[in-house]
Amino acid sequence: MPAPRASPRSSPYSRTTDQNDDPLSVLMGCSYHVAHEFEGQETTGRGFFAHTKVIPDRGTRYDAFTGAEADEIAEALGMDRAEGDIGTTIAIIDCDLQIDDIARGVEHSWWPRILRDVFRVELRDETGKKVIPRPKLNKQILPYWEAFEVALGKTLPAKGRSKLTQFSRTERTGGLALGQLGLVVMQDPGATADEGDDDDAVLSSVALIRSPGMVVRYHQTGRMGFPPVAGAFVADDEIDMILRRSEPPKHDEWDEKAGRLRSDIERTVVKDVKDRSWRALREFQKNAQPPKASNGTRISELERLLGKLLGPSALKPPSGDGKHETPISLKSKVSARPQGSDLVATGRVELALAKNARPQTVWLSIALRAVDESGRMTDPVALSLSSGAGLDRRDGALAGAVTLEENESFVFEVESAPYDRDWTLSFVPTVTPMDEAEGETA
């Protein structure tokens, strides 16, 4: 059996103090592989460098190395810290990311802690190159920082431009304090979206922030609205443990279906935080003042990239057990510009074959549909093709067969008919293997 593909391994080493303020050293290594079978047993793929203890009827527990033992291992790994130097050092081993990519990830996930608490992060690569994350210089983060300041009460809301929403205690959430949400209208929305950017920190989304100061996710529903709005939800300490239990190992989602949640109330807490945050954003967006265009620059907004590498919901692997990456890359962007009293959406869809994938023909469909208040997609908005070829109008969408060769990509530029400013739209590009699209091509 081939060895399972591993993600980077890491070894966190912390110098801190215990409950008596005495020095305490802690070290533990971890490695994340894909789930696989080993000696007839299914495994999670996770491995730990730690002390192990078998607990009857509960499995194995992994405890970190502590004290002098942790210091000796850290020194052998080149991670020793000076006496009294409180903090954490993490060695990431066998990592194919560049140091600048890691810095951007730190900025997007930890900017609340860095900016609020002067949390210091320093990165070094294998050559000794030093990079310090600077979220205040990251133009994509600034709108969320402004919303965060509103949520914390450090900036007073301005009618039509920003808003503070305090989530009330309810019986359905056990009377717990959920937190508060700050919302702001983007003043320079075009500056927050770099060409080709693949980050989740996109326009019209809510940064979901746990009380320690970590952004778990930039929450949005893939819908396009106007004007673009940034939100920051700051969770109350009363629900911090509930939110922690709802997170997967990657800490990138609050999942109301997580198995570690202990009651229906806890599941409702997680669901309500996301639902109420998004409803508040949409209500504020409807009444908010649009940003002023500066220097003749058009007002624009960027919708989430729908499908960096499509998963099973949009494209099934052509063969195998479903554990392999899809060979098709589908990227999309959409922006809105005023046209008289209406808006016009322009979009760009790029379809490409992954490296070393075999040539194949797929069915591509591009649609722009209105979304009602319940979240259901309804009537299509007419689209026309400004560049690209081979797509025809079918049931309100542009669709057709596209043959992809190795190292080849297709770019389709589309433009919508004018639509009402109050409409909420969803830009929906999908790709399907031809053997599953026979009904569509007939």
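This is a predicted model: local features need pLDDT of at least 70, side-chain atom pairs count only at pLDDT 80 or more; totals for chains, interfaces and linings use all residues.
Arginine 113 has its charged end over the ring of phenylalanine 119, with 4.9 Å to the centre.

Now, on to rings with rings. As a reminder, a pair of aromatic rings is described by how far apart the centres are and by the angle of the planes. In this structure we get 10 aromatic pairs. One of them is phenylalanine 48 with tyrosine 62, at 4.8 Å centre to centre and 35° between the planes, which makes the pair tilted. Phenylalanine 48 sits in strand β6, residues 46-49, and tyrosine 62 in strand β8, residues 59-63, so this pair ties together parts 14 residues apart in sequence. And how accessible are they? Phenylalanine 48 comes out at 33% relative accessibility, so partly exposed, and tyrosine 62 is partly exposed as well, at 36%.

Next up, phenylalanine 233 and tryptophan 254. Their ring centres are 6.3 Å apart and the planes are at 80°, so we call this pair edge-to-face. Here too the pair links distant parts of the chain, 21 residues apart: phenylalanine 233 is in strand β18, residues 229-235, while tryptophan 254 is in the loop between α4 (240-246) and α5 (264-287). Buried or exposed, phenylalanine 233 and tryptophan 254? Both are buried.

Last one from me: take a look at Trp111, Trp145 and Phe148, which ring pairs link into a cluster.

Key
Residues are numbered from 1 along each chain as its sequence is written. Side-chain values use heavy atoms; hydrogens and water are left out. Rings of Phe, Tyr and Trp (its six-membered ring) pair if their centres lie within 6.5 Å; planes under 30 degrees apart count as stacked, over 60 as edge-to-face and the rest as tilted. Helices (H or I, at least four residues) and strands (E, at least two) are DSSP runs, numbered from the N terminus. Buried means under 20% relative accessible area, exposed over 50%, partly exposed in between (1.4 Å probe, protein chains only). A charge sits over a ring if NZ of Lys or CZ of Arg is within 6 Å of the ring centre and within 35 degrees of the ring normal.
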